[in-house]
Amino acid sequence: MQAFEFSVRAKSIQIPTWMLLLLFLVYALPGNIGHAPWRGEDVLNIQVSYDILKNAQWLTPKLAGLSYIDRGPLSYWFGALTGMSLSWILPVHDAIRFSSVLALGLQLLFLRSCARNLYGQDAGTATLLLMLGTLGLLVHAHEMQPLLILTTCMAANLY
């Protein structure tokens, strides 16, 4: 009896880098720029970053005058830096929320590079597209969220 071999070679699709960048911008910018802060976590995290900008308390972020140590200060520092550098062109809350766009972009860059190193060129693009298509990321990528910085650091560690 003869064994049958069945192999299917997946046909790879080459997507130019400029098109992936355009897809990322269309995904990330509309939800992060141009609207008032949302209720809950978005307002709270923007306020902590704004307090760093206003009072220059970089070591101990504060919320309503009290030290806010529920999460590490890295995301608030990142938000304060983008708020400081972009507040001349955007409203302050949008400039602070822009840190989420940068964190998501860095996260996708690290994951794409990691997948390319481990599995080849085609895997990098597939990883980027899978991350952009993740429904759990859809809402949280469009608000000021400290967990985006955490996942960016995890992606950098994987890389």
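Start by selecting Thr 17, Leu 20, Leu 21, Phe 24, Gly 105, Leu 106, Leu 108, Leu 109, Arg 112 and Leu 128: together they line the largest pocket. Keep in mind that you're looking at a predicted model. The pocket has a volume of about 190 Å³. Colour by helix and you'll see that α1 (17-32) and α4 (92-119) are the elements giving two or more residues to this lining. The largest share, five residues, belongs to α4. Switch to colouring by class, and the lining splits into seven nonpolar residues, two polar and one charged.

Next stop, the inside. A search of the whole structure turns up one cavity of 30 Å³ or more, and the largest cavity has a volume of about 30 Å³. To find it, pick Ser 75, Ser 99, Ser 100, Ala 103, Met 144, Gln 145, Leu 148 and Ile 149, which line it. Here the elements with two or more lining residues are α4 and α7 (146-158). Again α4 gives the largest share, this time three residues. By class, the cavity lining has four nonpolar residues, four polar and no charged ones.

Last, show helix α2 (residues 41-55) and helix α3 (residues 74-86). Their axes come within 8 Å and cross at roughly 65°, and the crossing is right-handed. For the contact itself, select Asn 45, Val 48, Ser 49, Ile 52 and Leu 53 on α2, then Ser 75, Tyr 76, Trp 77, Gly 79, Ala 80, Gly 83 and Met 84 on α3. What classes of residue meet there? Seven are nonpolar, five polar and none charged. You've already met Ser 75, by the way: that residue also lines the largest cavity.

Notes
Residues are numbered from 1 along each chain as its sequence is written. This is a predicted model: local features need pLDDT of at least 70, side-chain atom pairs count only at pLDDT 80 or more; totals for chains, interfaces and linings use all residues. Side-chain values use heavy atoms; hydrogens and water are left out. Axes are lines fitted to C-alpha atoms, for helices over the stretch in contact, and angles run from 0 to 180 degrees between N-to-C directions. Helices (H or I, at least four residues) and strands (E, at least two) are DSSP runs, numbered from the N terminus. A crossing is left-handed if the near helix is turned anticlockwise from the far one by less than a right angle, and right-handed if clockwise. Contact means heavy atoms within 4.5 Å. Ala, Val, Leu, Ile, Met, Phe, Trp, Tyr, Cys and Pro count as nonpolar, Asp, Glu, Lys and Arg as charged, and the others, Gly among them, as polar. On a 1 Å grid over the protein atoms alone, a cavity is a set of points where a 1.4 Å probe fits but cannot get out, and a pocket is an open set with protein on both sides within 12 Å along at least five of seven lines; lining residues have an atom within 4 Å of a point. Grid points are joined across faces, edges and corners, and a volume is the space filled by probe spheres set on the points.
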